[in-house]
Every structure is written in structure tokens, then in C-alpha cells.
Amino acid sequence: MAANAEIFLEHAPWGRNLAWSAGLHVAFTVAVILYSVISPGGHGAGWGAGGGGDAIGVTLVSTVPLPANPAPTQNVLANESKGLTESQPKPEEATVPDAIPIPDQNAKKKPKPVVTASQRKPPPQPVEEANNVVPFGQGGPVSGPYGVFSAGGAKGGFGFTGGGGDFGSRFAWYVRVVQQKVSENWLKYEVDPGIRDAQRVYLMFDITRDGRPANVQIEQSSGVPSLDQSAVRALQRIDTFGPLPSDYSGNKVSVEFWFDYKR
Amino acid sequence: MAYGNLQMRICRFTIYSYPSLNWMAIRRRFATSVSRTCPSTRSRGSTFRSIFLGLVAALLLASAGLAQDWIRTGTGLGVEKVRLAVPDFKASTQDPKNADLSKVFNDTLWNDLDNAGIFEMVSKSFYPLGLVGAPADVKFEAWNVAPPNAAMLVFGNLGVSGGNVTVQGWLFDVKNITSPQVLGKQYQDTATSDATRTIAHKFADEIIFRLGGGVAGIAESKIFFVSSRSGHREIWEMDYDGNNQHQITHVGTISLSPRVSPDGSRLAFSALVKTGWEIQMYSFDLNRLVAFPRYGGTNLSPAWSPDGLKLAFSSSRTGDPEIYVVDASGGNLKRMTAYPGPDVSPVWNRKTGAQISWVSGRTGLPQIYTMEADGTNVQRLTDQGYAVSPAWHPNGQYLAFSWIRHYGPGAPGADDIYLMDLASKQWVQLTHDGGRNDFPSWSPDGRHVVFQSSRSGSEQIWTMLADGTNQKQLTFSGGNTQPNWSWK
């Protein structure tokens, strides 16, 4: 007994520290419990109990027409055409930093290597306008065969190939239909809710003469299986886009579709 | 020394414990408060207190920040509707009947396109002057920029000659000057307003088929309903826009729940006959009732399978109302449910025909259930209130139904139409604050719902787009209930 008491007495008074430590632990635990109570993580249970009634993937589906989105969207078919060429911004060239040579004292002194034009970032050149460019805002059906849509933060886009390569410009209305149907059938709630951001997923599919999507395949995966699946299902959900335009002579068109996901 | 360590740990903890939050404001605030308090040796108490308060505040704020991710409303679609301009058609002949028929045609075409729900109709006051009767008259630069700023232009001409009316119509993509034509059509029929209206319906359907992604228009579809305006409750029929209402059955007692067959050749309904409530069958080929077996008990609400080969209905022939399935001829009766409590109002999955949804009172108040067509895999969809009248969407993904979410004494008890996504079990309310709304039925294109509402003071038939907008009353005289939209 006495020995123990001495041991306590030897040390500096730490009861106050201990109290603080205990207090902080308790505070932290309380805070964690508070957080778990307040945070809305447990949304799995009460599906019908209200609250979620207004946010619903249903609204993305083609057969259910939705209130028009007040936010401006990039409908390249109807407006703001950037012209037939130069529709995609050029990718920035990656600049490779010049390697710093390790000085070698034995070696002869070499003349400083001349930096070639290819190694150095080229000075900005004036962009040469092609002859057939359609200036901004002055018509032109589509920005090339590319279209972009967005659905609540997520984005998709596509390119058409087939025929003489002018399907997108000749049948802009059909391209628009495809864009609309795919975007409406893409249900974002199928994507893993833990995913906040993902790589772009590329899909390829054909549209047959009677308008059915066929040969849906993932060209480049996003690395998120649920996102890939949701994109494939968006197309599987579509029965038909409507028959291909009667003026079009080919048997099918191929479409490349990409989906960007951002929560 | 011990203090120093403790402080260091707490500082590190507060700074690094929320790397995933990604909420810059909190972090910045934290960083400043920590850097202000930690290195200083002011008073221990205030240091700890500020850190502790900061910790709690951060957790509270963090939970609030995460909560924002889940309150998001998701009505954004991202794709605009097509701006469609439809100038009046030009007269191509000098016949005196032109004016009347032109009005019928223009009004019908406009209404059909407006009702389709996929177009934004450009107001006629924005149109450039001058009629457009032929492709040569189209001035693209006048249509494809503001004020009309139309993406698509519908135009054409109409003329009466020799008792016949001829309509030429075009659909142009006016943003695409090099190859604008999407559609060109010519129609000819007798010069009556009915025939002209039919032409307008057909032309509207062609346009909707092209621009709506291969989904056929509904301008020629019919709606069947129960009306009491003849004195008895009988089955009536009308066009989808409320025109041309006429009586079908003359049973002379009470007829309810009309259900037209998928091919449109027959109409099943339930009627009060001498032996009680029985399923009746009306043939549109013969224009009379045809024989159908009587099962005894109360037999109600027949429902066609999408292949037209089977009927599901509820029957109390064993005492308790249960779901039965029979062949379209009435033979081969099979019982699907066997559970105490009423089971009524079956509907088939209109896309696959592999599932049946129905209303069951096995847990008390009626709720919506689904099962496979063989009776297995029973699932309950609604979890509260009073849910009746399921109607399966043509694409099989959704169920519309009538739901009193808070039922009972003291509850508001609004009876509204709801839409549920079957895969995710999420639902959305389509009608709000307007009487009792019941008996939804889907249009063939799946973009419209017809339903019964008492908001005008009496039970009448209304339609709306499937998102709840554009609600329109179709019937006005007598009491009209239980609408059923034809399959095509």
C-alpha cells in the first residue's frame, strides 16, 4: 500500500491531464454518435417514407416527359454551333521538361545543346481557318458529328460514323433523337453511390435500319463496373430510336457514345 | 513536455482527420484556428476548449455538408425539348369549304403536337409574316433565329376540290439548310371535318414518330370509360382528346372497369347481371356482347395480358376475393392468390407479361403488391396508407397508382396519383391538392396518364403528361369514371 502511494507521489500531478484526456474521448465519442445520427447515410431503409419523393431517377426516362431543364444545356443541334470544323478544342500538348545533364568533370566541355523546335513549346500560331468553316452562330447543323448532353452534373456525348461520314450533318434531327433517348434512359442511380468521379466510359453500338440498337459494347471502361453497366443498360433499355431516315442508304450507323460521371 | 506531445497530437488530429471531407471552408477555418492556438502557450484551458469546440463544430458542419449531397432534387433532364413552329396551312384551292376545314385541321394538328409532351411549341405571334405552303416558301433565316428560333418547322397546304380534301404537309429541320426535309406527306379524303381531323391526327403521329424516337403517337388512340349520363352506368368511348364521345354498351344495370384488349377488337368489363357481378365481353367486330363464362361470386376488374391471350380478374367465388387468371375465351381458370384478406385489381406487366401487380388487403388497408405470373415472388411495394388502382407503364419500369398516404381519422387523406420506379422503389407524386384522383391508365406511348378526378366538383376524366404537368379535363357532363386507354 505504502509503496504504491509513494510511486504516485513521485510523479508530477497528472490527474488533470487524465481528466482532459477522458473528457476529450467522451467528447469525440459523443460527436461521432451525433454525426452518425445527423448524417443521412441510412437512406436505404425508408424508401417510401417520404423525403425522397422528389428526387427520383424516374425523371430520366424517355417515356416520361419531364419539365424542361431551366439550366442552359449544350444542345449543339439547336444553337451555338461552333461550326463544322474546330468543334473540339485542341488537346494541350504536354510539355516535357528538359533534362538537366549531370556534370561530368572528366568530359570535354561540350557546346550547349541547341534546343530543337520540337522540344520547345511552339510559340502560339494564329489558327488557320479552314475554307469550309461555318462561323460561330451562323448556322451549320451540328458541331461536326459530335453532340454533348448533360444530365444533372453527368455528361455524355457521341460521334456518328457510317455512310459517307456525313450522317450527323445530313440527319441532325436523328442525331438529336439518339442523344435524347440515351440521355433519358441513363439512370444515374444505378451507379455506385460511393463513386463521386470516374473516368470517361466509351461505348460503341450500331443502329440498324429499323432503329434498334445492336452490338452494344464497351470500348473503353471507366474502371467503375457499375458505371459501365449503367451505360450499357441505358442502351439495352431502348427498344428503338425510330427507323433510320429513309433518305439514308446504308444498313446501319455506328455510334460511339461516351459518358462522364460526376456526382 | 507531456503537454507538448498531447497538443501536437491533437493538432495533427484536427488537421489531418478529415482529408476526405473536401470541404475547403471547414479546412481553412480549422487550419487558421489551429495555427492560431497550437503554437502559442496562452492558457491550456482556452486551447483545449477551442480545439474541442472546433472538433464538435467541424463534425456538425461536416454532417451538414454531407447531407447536402442527399437532398439534391433530380428533375434535371439536360435535353431541351424541340422548338417546333407550326404555322397555319395555306389554302391551295379556292373552294368555300376551305376555311372551315382549315380551322379543324390547324387546331387538331396544333393540339396533337402540343399534347405530345416532347415539343416546345413556338407561339404563333413570333412567326414571320406570310403563309408557308410549299418548300419554296420557307425562309430559313426567318425561322431559325429569334424570335421564332425554331428547330423544326411544320408547314403545308390544304385544299378542297370536288368533294375531296387534299393535304400536303412537310416537316423541315430549319437549322439544317443543306438538307432540311425530314418528312413530306400527302393525304386525301372526303371533305368532312371528321376526315380532316383524322388526317391531322395521322400527320401529327408521323411527326411525333420521327422526332420522338420511334414511339408511335397517340393521336388516334381511344379512351374507354364509365359514364352515367344515359341514366345507367355504361361503358363509353372517346378520342384521346375528348372528342367524339359515344356509348358502347347498353346493359341497363351497372357496368364498371372497362378494359380493351391489346388488339382493340374486344372489351372486357364487369357488369351487374342476374347472378351478380360477372365479367362481360364486348366485341367491336360484332358490335354486341359475346358469351363469356360466369364464375359465381363477385367478379371484378378484368385485365388483359399484353399478348391478349389471358385475362386476370378478381373473384370471390370461394368467399374471399382472390386473383384468378383465365384464357381469353374464359376457360382454364387458375387461382393465383391464396391468402386471407381481399386481393383485387390485377394488372399485367405490359412489357413482359411475366408479372402481375394487384391490390391486397392482407395486412389491413389495401396495398400494392407484385408477383410473377405464376404466383411466386410476392412483393409489397407500398408501405403505408391506402394504395389502390395499379397501372403498369408500357415499358414495364413504372407503376402508376392511387395512394392516400396518410389514411385514417385526423389525417389529411389526399387521394393522389403516384408513380413508382419498380427497380429502385422510388416514387414521385403526380397530382397535388385537387380532389380525389384515382384510376390511372397509361397512354400507349407511355408519356400520358388518364385518370379520374373529383377536383371540378364531380367525377370526371382528366389527362396529364406523365410528369404531372399539362392536366386537362376531357369530360364535362354526367359522372365519368374508370378510364382505360387503348393499347395503340
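Which residues have the most contacts inside the largest nonpolar core? They are Leu84(B) and Met152(B), and the core has 138 residues. A nonpolar core here is a set of buried Ala, Val, Leu, Ile, Met, Phe, Trp, Tyr and Cys residues joined through C-beta atoms within 7 Å. A residue is buried if 20 or more other C-beta atoms lie within 10 Å of its own, exposed if 12 or fewer, and partly exposed in between, with C-beta atoms placed from the backbone. This core draws at least three residues from each of domain 2 (82-211) and domain 3 (222-485) of chain B, with bounds that come from an automatic or database domain assignment. In soluble globular proteins, nonpolar side chains tend to be buried together.

You are looking at a predicted model, in which local features need pLDDT of at least 70 and side-chain atom pairs count only at pLDDT 80 or more, while totals for chains, interfaces and linings use all residues. Residues are numbered from 1 along each chain as its sequence is written, and chains are lettered from A and ligands numbered from 1 in the order in which they are written.

**The two chains**

Helices (H or I, at least four residues) and strands (E, at least two) are DSSP runs, numbered from the N terminus.

Along its sequence, chain A reads α-α-β-β-α-α-β-β-α-β.

**A closer look at chain B**

Let's return to Met152(B). Beyond residues up to four places away in sequence, Met152(B) touches Val82(B), Leu84(B), Leu171(B), Phe172(B), Asp173(B), Val174(B) and Leu211(B); two residues are in contact if their C-beta atoms, placed from the backbone, lie within 7 Å.

Next come two helices of chain B, α4 (residues 98-115) and α6 (residues 193-211), which pack at an angle of about 35° with their axes 8 Å apart. Axes are lines fitted to C-alpha atoms, for helices over the stretch in contact, and angles run from 0 to 180 degrees between N-to-C directions. Among the residues that meet here are Leu101(B) and Val104(B) from α4(B), and Ala200(B) and Phe203(B) from α6(B).

Finally, find Gln460(B) in strand β28 (residues 460-465) of chain B. Why is Gln460(B) buried? Because 23 other C-beta atoms lie within 10 Å. Leaving aside neighbours within four places in sequence, the contacts of Gln460(B) include Ser453(B) and Phe476(B).
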